[in-house]
Protein chains: 2
Amino acid sequence: MNVPTAQTWQSVQKEVLRRIHAREWKPGDLIPNEAELAKEFGCARTTVNRALRSLAEGGLLERRRKAGTRVAAQPVAKATLNIAVIRHEVEDRGARYGYQLALREARIAPTHISAALGVGVQERLLHVMALHLSNDAPYALEDRWINAVHVPDALKQDFRSVSANEWLLQNVPYTRGEISFSAKPASAENANYLNCPEKSALLAVDRLTWDHDQSVTVVQVLFAPGHQMRTRI
Amino acid sequence: MNVPTAQTWQSVQKEVLRRIHAREWKPGDLIPNEAELAKEFGCARTTVNRALRSLAEGGLLERRRKAGTRVAAQPVAKATLNIAVIRHEVEDRGARYGYQLALREARIAPTHISAALGVGVQERLLHVMALHLSNDAPYALEDRWINAVHVPDALKQDFRSVSANEWLLQNVPYTRGEISFSAKPASAENANYLNCPEKSALLAVDRLTWDHDQSVTVVQVLFAPGHQMRTRI
DNA sequence: CATGCTTTTATGTTCATACATAATAATATG
DNA sequence: CATATTATTATGTATGAACATAAAAGCATG
């Protein structure tokens, strides 16, 4: 018998992956328990646990106490998108980053904005619009409202050289947030900034962040036509 | 002194998170090493390691041997999107799922498809288009090419009741893949299937999967206008 | 037969200890 | 002084043992 000895959790994981990919363990199958695998591989149960846990986090295995571990019947591919500071995103692509503040006003917000931020309709909030450039071409349009009740310091910033994007990240913590991806037709204003035809299909990323129970900011980033967000699965 | 005793890795993690959110440890700061934290919390170093490792995986901490652990200066928000079987996606929203096969043909593919799949331009591939419905309304249009050289069994399937989406997941393993998100204007054909105006902004998800060195399938899923993919960060 | 209690079991976690590894700092050497 | 070598250090990982916990299965009781 060819007993695969595996003393590291990575090698255990590799062997488990091999068996899944080779369909020795098929989708839905119950696999041997940790103790058995540990014995087979000649390593500690802790090591097997580490390997299987990490595969379960990735969605390839499903584990339940007492019930055991099974290969996910329909593995949900998890696509992890890195939402970085836009400047870094541009620079990482080897392009020259540019930034233009388009609008900065402190005023009473549209009701859907104050509702989303959970503040009174009478509150003055900070509205910032900015254009991010890649090699002088429009890259993304950022349309942001900042909860000035929770983040009064934002009112002191002019956001002319440092984007609200970066200033907030450096200065205001958040504990949780929601993000959504969608496609939107370019408005006349969008089209003007992004230098594209009106009604072009734009990739939109909407974010709403919170610091405990206080909203911080709501932002929509519209990317220029053709933009792709990529990742591996 | 109020010494926070924390015997579980979750409680250690919680306290570390609290300190980061409270800016006791600021972005870029070096935090105490594992041994010190273990002493402070009155737990084993293993426990601290587990807590910090998991925060590092989430991008909130940066760790380097010998150099120590620091709070990420500009935490890259990681948005993890679950790419599930479309039927499940619809049913999870509490809607009735419907499926219509629109096209199924085995033929020589356009060059950009055979190039993407890494097969000869003369090879006959399987082309499948299908409409996914949610409460009888168009939900998503799936346009797929299957590498019939690597997956000859696909040619035996008619995909009239089971979507290629689900059949492949059940029957053909893949070891890696690429996924990209973008916005596209609806073609006349798209608009016809999705029952929307031509040139509507559609959210497009493009996937290419591989089984080791063999391509499996390339697929584009176009969602009906207004569709959002959401997640928490 | 349905319902609640008890046992069993597989995963989940903690711990102390030991050693591995990568990266930095200190030192020696030409 | 530049470069190679060595020591130091913080994270990374492996181990066996123990206990915790959730969930299934078995059992008893009405």
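**Figure 1. Atoms of DNA strand D within 4 Å of the protein.** In this predicted model, 72% of the atoms of DNA strand D that lie within 4 Å of the protein belong to sugar or phosphate, and the rest belong to bases. A residue is taken as near a strand if one of its heavy atoms lies within 4 Å of it. Of the 23 residues around DNA strand D, those that come nearest are A:Thr8, A:Thr47, A:Arg64, B:Arg45 and B:Arg63. At least two residues of this surface are supplied by each of α1 and α3 of chain A and α3, β2 (61–64) and β3 (68–71) of chain B; helices (H or I, at least four residues) and strands (E, at least two) are DSSP runs numbered from the N terminus. The largest share, 4 residues, comes from α3(A). The surface near DNA strand D divides into 3 nonpolar, 9 polar and 11 charged residues, where Ala, Val, Leu, Ile, Met, Phe, Trp, Tyr, Cys and Pro count as nonpolar, Asp, Glu, Lys and Arg as charged, and the others, Gly among them, as polar.

The model and its numbering are treated as follows. Residues are numbered from 1 along each chain as its sequence is written, and chains are lettered from A and ligands numbered from 1 in the order in which they are written. Because the model is predicted, local features need pLDDT of at least 70 and side-chain atom pairs count only at pLDDT 80 or more, while totals for chains, interfaces and linings use all residues; side-chain values use heavy atoms, with hydrogens and water left out.

**Figure 2. Phosphate oxygens of DNA strand D and residues of chain A.** A side-chain N or O atom of A:Arg64 is 2.2 Å from a phosphate oxygen of DNA strand D. At A:Ala44, a backbone N or O atom lies 3.0 Å from a phosphate oxygen of DNA strand D.

**Figure 3. The surface near DNA strand C.** Of the atoms of DNA strand C within 4 Å of the protein, sugar or phosphate accounts for 73% and bases for the rest. The nearest of the 23 residues around DNA strand C are A:Arg45, A:Arg63, B:Thr8, B:Trp9 and B:Arg64. The side chain of A:Arg45 has an N or O atom 2.6 Å from a base oxygen of DNA strand C. With 4 residues, α3(B) provides the largest share. By class, the surface near DNA strand C has 3 nonpolar, 9 polar and 11 charged residues.

**Figure 4. The interface of chain B and chain A.** Chain B contributes 52 residues and chain A 51 residues to the contact, defined by heavy atoms within 4.5 Å. The two chains bury about 4500 Å² between them, 53% of it on carbon and sulfur atoms; buried area is the accessible area (1.4 Å probe) that two parts lose on being put together, summed over both. B:His21, B:Gln74 and B:Ile233 supply 14% of the area that chain B buries against chain A, more than any other three residues. Between chain B and chain A there are 17 residue pairs in polar contact (both at pLDDT 80 or more). A polar contact is a pair of N or O atoms within 3.5 Å; within protein, one must be able to donate a hydrogen and the other to accept it, and residues adjacent in sequence count only if both atoms are side-chain atoms. On the side of chain B that touches chain A, β8(B) gives the most, with 10 residues. That side has 23 nonpolar, 15 polar and 14 charged residues.

**Figure 5. Salt bridges between the chains.** The count between chain B and chain A is 2 salt bridges, each a side-chain nitrogen of Lys or Arg within 4 Å of a carboxyl oxygen of Asp or Glu. A:Arg232 pairs with B:Glu178, the closest N and O atoms being 3.8 Å apart. This pair crosses from strand β11 (residues 228–232) of chain A to strand β8 (residues 176–185) of chain B. A:Glu178 and B:Arg232 also form a salt bridge (3.7 Å, N to O).

**Figure 6. Salt bridges within chains.** A:Arg18 forms a salt bridge with A:Glu15, with the closest N and O atoms 3.0 Å apart. The two residues are separated by about one helical turn, because they are 3 residues apart in helix α1 (residues 9–21) of chain A. A:Glu15, A:Arg18, A:Arg19, A:Glu24 and A:Glu40 are linked in a network of salt bridges. In chain B, B:Glu40 forms a salt bridge with B:Arg19, with a closest N and O separation of 2.7 Å. B:Glu40 lies in helix α2 (residues 34–41) and B:Arg19 in helix α1 (residues 9–21) of chain B, so the pair ties together parts that are 21 residues apart in sequence.
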